[in-house]
Amino acid sequence: AGNEPDMFISHFRTWDSEYTKKHSFTDPYQAKLAALAKEKEEKLKELVGSSSTVPSTPAPAVPVSASVSSTYSLEQLTSGIPPGVDPTKKEKYLDSKTFAQVFGSTIEEFAALPKWKQDKKKKEVGLF
């Protein structure tokens, strides 16, 4: 679009080479999201400028194993859903030794796998 040869354009009297630039589609949802992101960024800059208590560096990431406070045995997790357990993340409620025995990798290595591979391994073990 926009690179049509003159021989082609000459067949259309009202041809406008700039038409696509003048009438480009802007998704209203994307435009609103961009405006909200800009507004949020401005508010953040305003807060950082007025308050010195806002940390300049992000907080360190919490390790995967530290994000869950209680652990359960593999039998408990495969037989049902204990109270307070997220059914989509049962593997996070195993202790590190059991996790390594069951999945054959560390928690960090498992977390680095693509979602489909994680789901496949969880299905094989019965945690899906």
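Tutor: Let's begin with a word we need: a residue is buried if its relative accessible area is under 20%, exposed if over 50%, and partly exposed in between, using a 1.4 Å probe and protein chains only. By that rule, 15% of the chain's 128 residues count as buried. This is a predicted model, in which local features need pLDDT of at least 70 and side-chain atom pairs count only at pLDDT 80 or more, while totals for chains, interfaces and linings use all residues. Residues are numbered from 1 along each chain as its sequence is written, and side-chain values use heavy atoms, with hydrogens and water left out.

pLDDT is the predictor's confidence in each residue, from 0 to 100. Its mean over the chain is 82, and 83% of the residues reach 70 or more. Residues 62-66, however, have a pLDDT below 50, and this stretch has 5 contacts in the model beyond near neighbours in sequence. A contact here means heavy atoms within 4.5 Å.

The chain has 7 helices and 0 strands. These are DSSP runs numbered from the N terminus, with helices (H or I) of at least four residues and strands (E) of at least two.

Now to your core. A nonpolar core is a set of buried Ala, Val, Leu, Ile, Met, Phe, Trp, Tyr and Cys residues joined through side-chain atoms within 4.5 Å. The largest one has 10 residues: Tyr72, Leu77, Val85, Tyr93, Leu94, Phe99, Phe103, Ile107, Phe110 and Leu127. Helices H5 and H6 (107-112) each supply at least two residues of this core.

Let's zoom in on one member, phenylalanine 99, which is found in helix H5. Phenylalanine 99 counts as buried because its relative accessible area is 1%. Leaving aside neighbours within four places in sequence, phenylalanine 99 is in contact with Glu91, Leu94, Gly104, Ser105, Thr106, Ile107 and Phe110. Serine 73 is 26 residues away along the chain, and the C-alpha atoms of serine 73 and phenylalanine 99 are separated by 9.9 Å.

Glutamate 91 sits in the loop between helix H4 (74-79) and H5. At 6% relative accessibility, glutamate 91 counts as buried. Not counting residues up to four places away in sequence, glutamate 91 touches Phe99, Phe103, Phe110, Lys122 and Leu127.

Just after H5, glycine 104 takes a positive phi of about 75°.

Helix H4 holds glutamine 76, which is partly exposed, with a relative accessible area of 41%. The side chain of glutamine 76 reaches the backbone nitrogen of serine 73 at 2.9 Å.

Finally, for the chain as a whole, residues 24 or more positions apart account for 30% of the contacts with a separation of 6 or more.

Conventions:
Polar contact = N/O pair within 3.5 Å; in protein donor to acceptor, adjacent residues only side chain to side chain.
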